[in-house]
Amino acid sequence: MRYGIISDIHSNYTALDTVLNAIGVVDKIICLGDIVGYGPNPNECVERIRGLDGLILAGNHDLASIGWKDMDWFNSYAKEAIFWTEDQLTKENKEYLFYLPEVLSQKDFILVHGSLYNFTGEYIVTGADAKRSFELMQHRELLLVGHTHHPYAFFRKQRQPVQSLKLIDKDVFSLIKDTQSIINVGSVGQPRDGDERASFGILDMQTRTVTIKKVAYDIKKTQQQMTEARLPRYLISRLAMGR
Ligand code: ZN
């Protein structure tokens, strides 16, 4: 099985469309949440995701945009965009977000937006964060996460110390037997790793690899739409910086 992995689309339809074209033919799409929030195209993004044959999860912004998350978690820019998003989303699209799972367990992997310790809340940033989720994985070897918008891998062989690796475009991470791995492929619609291109991954269970890919999209088009929607200026400018 070959999977296209996407996460943190954040209502950036131009980036989503570019990434899905770049992924091409795969057996299934995995979407690790935050379909909406920050960007200008919430309905377009939800509808495109709804049409995919995929394993789709909810992120914290998806839940907040349907009134299901404590807003104290979000900074003022995120809050402003969430209120705007809630206002824009159609009843059908809100209902779709409402029924998305927060965690999915399959034969080959577990999927979650944040971490296994806190499905849509915790950021896995340090080895200690990763260790908590490794413990909860028990005998399972692969966990795919989003939320930080940084392509990253954490891994540990049996119960040895956790190692980590920042991932960049074209990196191929091998899934090794008896080694637990947590992989984040970065963000489609709001990358924060200093590379402004949209980020995604390909998981190939035959070769047991995850390949990180970056693709340039029309950032100016998204920024123009955000300006027209009067979304916060900081959110508009950060897209071009990839921060
Ligand atoms: Zn996000």
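This is a predicted model: local features need pLDDT of at least 70, side-chain atom pairs count only at pLDDT 80 or more; totals for chains, interfaces and linings use all residues.

Author: **Aromatic side chains**

Phe-98 belongs to helix α5, which covers residues 91–98. Its relative accessible area is 38%, so Phe-98 counts as partly exposed; that class lies between the 20% limit for buried and the 50% limit for exposed. Tyr-99 has a relative accessible area of 64% and is therefore exposed.

The next topic is how rings pair. A pair of aromatic rings is described by two values, the distance of the centres and the angle of the planes. The structure holds 5 aromatic pairs. One of them is made by Tyr-77 and Tyr-234, whose ring centres are 4.7 Å apart. The planes of these two rings stand at 40°, so the pair is tilted; an angle under 30 degrees would have made it stacked, and one over 60 edge-to-face.

Where do Tyr-77 and Tyr-234 lie? Tyr-77 is in helix α4 (residues 76–88), and Tyr-234 is in helix α8 (residues 233–241). The pair therefore ties together parts that are 157 residues apart in sequence. Tyr-77 has 36% relative accessibility and so counts as partly exposed. Tyr-234, at 35% relative accessibility, is also partly exposed.

The cut-off used here is an angle over 60 degrees.

An aromatic ring can also have a charged side chain over its face, as with Tyr-117. Arg-132 lies over the face of Tyr-117, at 4.4 Å from the ring centre.

Is Gly-33 buried or exposed? Its relative accessible area is 0%, so Gly-33 is buried, the limit for that class being under 20%. Gly-33 sits in the loop between β2 (28–31) and α2 (42–50). Leaving aside residues up to four places away in sequence, Gly-33 touches Ser-7, Asp-8, Ile-9, Leu-57, Ala-58, Gly-59, Asp-62 and His-113. Val-188 is 155 residues from Gly-33 along the chain, and the C-alpha atoms of the two are separated by 11 Å.

Key: Residues are numbered from 1 along each chain as its sequence is written. Side-chain values use heavy atoms; hydrogens and water are left out. Rings of Phe, Tyr and Trp (its six-membered ring) pair if their centres lie within 6.5 Å; planes under 30 degrees apart count as stacked, over 60 as edge-to-face and the rest as tilted. Helices (H or I, at least four residues) and strands (E, at least two) are DSSP runs, numbered from the N terminus. Buried means under 20% relative accessible area, exposed over 50%, partly exposed in between (1.4 Å probe, protein chains only). A charge sits over a ring if NZ of Lys or CZ of Arg is within 6 Å of the ring centre and within 35 degrees of the ring normal. Contact means heavy atoms within 4.5 Å.
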